[in-house]
Amino acid sequence: MILTNIETIPGKTIVEHFGLVSGNTIRAKHIGKDILAGLKNIVGGELTAYTELLQEAREEAVSRMKQQAQSLGANAIVNVRFSTSSVAQGASELYAYGTAVRVE
Amino acid sequence: MMEAIGPLLNLIIFLLLVSVGYFAGTLAEKRHYQSIQKREAAWLRIPAVSARFDEKLPQASGGEMVYGSAVISIDYFKRILAGLRIIFGGRVTAYESLIDRARREAILRMKENAGPNTDIILNVRIETSSIGNSANGGSVGSIEALAYGTAIRTSQNG
């Protein structure tokens with residue numbers, strides 16, 4: 001499965017379009033991590049636990065999108081976009097969407 | 001006498017947090033900027049552009065999506081400063097540097113994920129989201145910056 005966020009895949013030609021595919025996941029913060037982050041909030045700097053959490057969640061959203069594309073018979077997704085929204089206090093949604101295509 | 005200790009203790013804790021935030025935060029920011037500048041110079045040969053390049057890339061052998069993200073939190077001192085700024089209005093410098101750091105770090109991580117064999121990163125998009133509401137309910141405590149794009153490799157680079 002090849003992913004790009006431009007309209008084409010360099011070196012390949014698109015032979016079939018399958019339309020929009022998407023994947024999402026909603027993650028809440030771990031309370032222990034939240035307390036640590038609260039302490040880190042005093043001194044500032046990177047919150048590594050959150051970076052990892054969001055990265056992991058985004059990968060899950062991408063893999064769900066890939067699964068959907070695979071079930072349609074696509075072998076690539078072009079024009080992928082990410083979006084993040086906070087649904088509730090302490091939880092955020094990671095969303096990935098793109099156009100499933102078959103390339104040769 | 002005893003009644004005075006409570007508020008005094010609160011004041012001491014507050015001042016302690018502010019000073020710890022000020023010194024640790026300033027030091028962390030300075031170090032982070034030094035690291036950002038150093039790595040930006042090292043990765044300068046891989047351009048990350050926001051253009052899409054409609055023309056064909058004949059020599060390109062492959063494209064792959066790459067991304068990088070960073071969550072950066074503000075320190076206690078700057079949060080107080082920004083709180084005051086919100087009353088009087090004007091430029092909130094405390095948050096400017098916070099978001100700037102997160103974005104530049106995200107772009108650097110994207111380049112690091114793309115690897116040294118990349119020729120160019122096309123169609124770079126940067127997204128920012130607030131994941132605050134953690135320690136100080138409601139305020140912009142920390143923000144996440146995400147940078148993503150398509151890494152292009154030409155055939156001679158494999």
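Mentor: What follows covers the cavity count, the volume and then the lining.

This is a predicted model, in which local features need pLDDT of at least 70 and side-chain atom pairs count only at pLDDT 80 or more, while totals for chains, interfaces and linings use all residues. Residues are numbered from 1 along each chain as its sequence is written, chains are lettered from A and ligands numbered from 1 in the order in which they are written, and side-chain values use heavy atoms, with hydrogens and water left out.

The count comes to 1 cavity of 30 Å³ or more, a cavity being a set of points on a 1 Å grid over the protein atoms alone where a 1.4 Å probe fits but cannot get out. The largest cavity has a volume of about 60 Å³, taken as the space filled by probe spheres set on the points, which are joined across faces, edges and corners.

Its lining consists of 14 residues (those with an atom within 4 Å of a point), and Glu29(B), Ser73(B), Ile74(B), Asp75(B) and Arg101(B) lie nearest the centre of the largest cavity. The elements that give two or more residues to this lining are helix H1 (2–42) and helix H3 (93–114) of chain B, helices being DSSP runs of H or I with at least four residues, numbered from the N terminus. Of the elements, H3(B) gives the most, with 4 residues.

By class, the lining of the largest cavity has 5 nonpolar residues, 5 polar ones and 4 charged ones, where Ala, Val, Leu, Ile, Met, Phe, Trp, Tyr, Cys and Pro count as nonpolar, Asp, Glu, Lys and Arg as charged, and the others, Gly among them, as polar.

How values were computed
1 Å grid on protein atoms, 1.4 Å probe; cavity = no way out; pocket = protein on both sides within 12 Å on 5 of 7 lines; lining within 4 Å.
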